[in-house]
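Let us walk through this fold together, starting with the strands and moving on to the helices. Keep the viewer open as you read.

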Amino acid sequence: MEKKIEKKDGNLVIDTVFDEKEFEEVLKVAEENLAKEITVPGFRKGKADVDLARRYFKESDLSNHMIRVFLRRIDKSNAKEKIFETYKVMNIQPTADIVKFEKNATEIKVTYTLYSEITKLGQYKGVKTDVKKKDITDEDIDAELKRLAKDNEELVSVEREAKIGDVANIDFIGYLNGKAFEGGDGKNFDLTLGSNHFVPGFEDQVVSHKAGDKFDINLVMPENYPQELANKEVVFKVTVNTVKESQLPNIDDEFATTLSGEYVSKDLAELKEKIKNKLVAQSENDYFHDLANSYLISCRDSSEYEISENYVKLLVEDRIKRDTKDIEDKGLSLQEYLKLINQSYDDYQKSVKDNVIAEIKNNLVYQKIAEAEKIPPVSNEEIEKVIGSKIEDFVKNYTEYLKLSKVKEDVISYQINSYLGQVYNNIFQQKVIDKVLILNGDKKEEKAEEKKEEKKENLQADKYPVENKKD
């Protein structure tokens, strides 16, 4: 047996050549195995001598048995030579290519999928960036005030014809060939005119009607609707119950006192100050987020990788299966959904593949930086701080909750592990982000004494009831 080992395109390719003697050995084992599966007249299945059974062998069956024996010998040889301990081979079914199948020389090329890796890490410190912090202006504060006013607008009934921007409360029934069709009716439905949430042309025909009006709307359904309705002429019988217009509150001291939560204020001046403080904090958070993002994307794009196309293909297939199931749970096929959003299957598949590759590269960059900077792994204590309890208590309580919700046992385990895995990844990635910001001079490294002091303060705070703690 001669072996040639090569790492190529994220895979481990082992090209093995067997000589004539090994061919004869494998042929003998394969014949013995196949004889056990053959029924020879006058004998029970598998009980005939190999010489008798041989005349009943099919050439294709014998070849398949020989190939299986060859592959077992390759696996046994790889294990003996500890090849899989030397190379990072994933637990994915390998592919076998029969290059040559002859008595004097049989050649089999087996391709194993390797874990993805970075062969060259790009620059992540001393990186130049164009990211700038946004300064908060009076216009930003006014925009937030207007948003708050919009959130607190009131709908008031009006005795006039409806216009774009109004909310018409309607009853409607859709008919196809004189028969009401499924999903085409509603009662006391609030329709915002101009929102384009209904069939194209529907809202336009409600405009100019007032409360009490009853009328028909004639439409041709769009081609991206389900087949039984697509391009069909339908009639909606509509009754307008009420017409309402939105009225915004005046932005003054009285308005400021009506707000709750973080914006509780005694007057407009205090409200503006609170808005400014929040926007400044948000701007700073966005700034550091965008900074870290620019550094990491720069590092990702300048790094070099070895990623198996086979691994990417498996992840893409899995992602498409999950997307398909999620969409079918909502009552649509994947094809119908893509038609609704005007996306071809090829574009959708390419988008999934691009996202999968980006995720693989992102994870590799985080791991490589953590390794280079000796960032410690996430501890159980850090996870428990995020989830607010001991891990074992969380698992127990969440399991009981999911069981009460009639969730299947295997799904429960998957959901819990997925959640804890996500918490772990979030903490780990934040550690890397913080380190990258420190290395680029955008953030100060927290000193051990400060951490110790903070821990001491937290311990002291825990002595008091929650009601007495300050935010």
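Two strands are said to pair if DSSP finds at least two bridges between them, and helices (H or I, at least four residues) and strands (E, at least two) are DSSP runs numbered from the N terminus. This is a predicted model, in which local features need pLDDT of at least 70 and side-chain atom pairs count only at pLDDT 80 or more, while totals for chains, interfaces and linings use all residues. Residues are numbered from 1 along each chain as its sequence is written, and side-chain values use heavy atoms, with hydrogens and water left out.

**The sheet**

Strands of a sheet pair through backbone hydrogen bonds, either parallel or antiparallel. Here, four strands make an open sheet in the order β1-β2-β4-β3, with antiparallel pairing. The edges belong to β1 and β3, each with a single partner strand, so one side of each is left without a neighbour in the sheet. From one strand to the next, the twist averages 15°; angles run from 0 to 180 degrees between N-to-C directions, and axes are lines fitted to C-alpha atoms, for helices over the stretch in contact.

The pairings can be set side by side:

| Strand pair | Sense | Bridges |
|---|---|---|
| β1 (residues 2-8) and β2 | antiparallel | seven bridges |
| β2 and β4 (residues 105-113) | antiparallel | nine bridges |
| β3 and β4 | antiparallel | six bridges |

K4 has D15 of β2 as its bridge partner.

Two hairpins are worth a look. The one formed by β1 and β2 has two residues between the strands, and D9 in its turn has a positive phi of about 55°.

How buried are the strands? Buried means under 20% relative accessible area, exposed over 50%, and partly exposed in between (1.4 Å probe, protein chains only). Strand β2 (residues 11-19) has seven of its nine residues buried, so it is largely enclosed by the rest of the structure. β4 is also mostly covered, with seven of its nine residues buried.

**Helix α3**

Helix α3 (residues 59-80) has 22 residues and reaches 32 Å from its first C-alpha to its last, close to the 32 Å expected at 1.5 Å a residue. That expected span is 1.5 Å times one less than the number of residues. Among the buried residues of α3 are L62, M66, V69 and F70. Their cover includes β1, β2, α1 (20-35), α4 (83-86), β3 (95-101) and β4. Just after α3, K82 takes a positive phi of about 55°.

**Helices α12 and α13**

Two packed helices are described by the angle between their axes and the distance between the axes. For α12 (residues 380-387) and α13 (residues 391-404), the angle is about 45° and the axes are 9 Å apart. The two are therefore oblique to each other; angles under 35 degrees count as roughly parallel, over 145 as roughly antiparallel, 65 to 115 as roughly perpendicular and the rest as oblique. N380, I383, E384 and I387 of α12 make the contact with I391, E392 and F394 of α13, where contact means heavy atoms within 4.5 Å.
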